[in-house]
Amino acid sequence: IEFSPTARTCLLNSFILASQRCQPSQLTLLARKCLPKTIDWALGGRIDSDIRHPLCIAAALQMTFVLVTRSKSLDVLENGSGQTRKDWVRRTHKWSLAAIKGVVTSDSPYAISSMRLAALKLILALVSIDQNVFSENGGCLSPSEIVETFSVLRGAANVDEEPAMRKLACHILEAIQKY
């Protein structure tokens, strides 16, 4: 069954609400049921005006952000599928950076902006939580991935055409440089 971008966005927004309202003890279960399929779907092709519409990607990024930040752990990205938490964190990081870079074939500036802002928020959560556990578990992101993150954030902070992107990227750079 194929759903329209509007229907997919509504479904993902429902998952966001569920993520915000479910009991903390249920976050991991919800994440392990939703996130692997969502991330696989998002990374399964390029962002376009149909299957991977920017508003759908924005909602998926926001759902991931809510689950990661509410749990305060990257463990919600581990799903028992044979891939490690590190693998899922790295895939989520890759997805977020691709969304920030915003190479999109869509004619909706609002949708693209929403997607890129949601990706910035998720990057902040991933890097902050990953660097907090760095001293304990060695972190999931490699030094080259951290360097790439800083490069993308600096580009967004300095030359992005959207003022909201520049402002948020500047705040994120300031925040993660403390780690």
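Student: Which residues are linked with Arg116 in a network of salt bridges?

Tutor: Happy to start there, with a predicted model in which local features need pLDDT of at least 70, side-chain atom pairs count only at pLDDT 80 or more, and totals for chains, interfaces and linings use all residues. Residues are numbered from 1 along each chain as its sequence is written, and side-chain values use heavy atoms, leaving out hydrogens and water. A salt bridge puts a side-chain nitrogen of Lys or Arg within 4 Å of a carboxyl oxygen of Asp or Glu. By salt bridges, Arg116 is networked with Asp160 and Glu162.

Student: Are Asp160 and Arg116 buried or exposed?

Tutor: Their closest N and O atoms are 2.3 Å apart. Buried means under 20% relative accessible area, exposed over 50%, and partly exposed in between (1.4 Å probe, protein chains only). Asp160 and Arg116 are both buried.

Student: Which residue forms a salt bridge with Arg91?

Tutor: At 23% relative accessibility, Arg91 counts as partly exposed. The closest N and O atoms of the pair are 2.6 Å apart, and the partner of Arg91 is Asp40.
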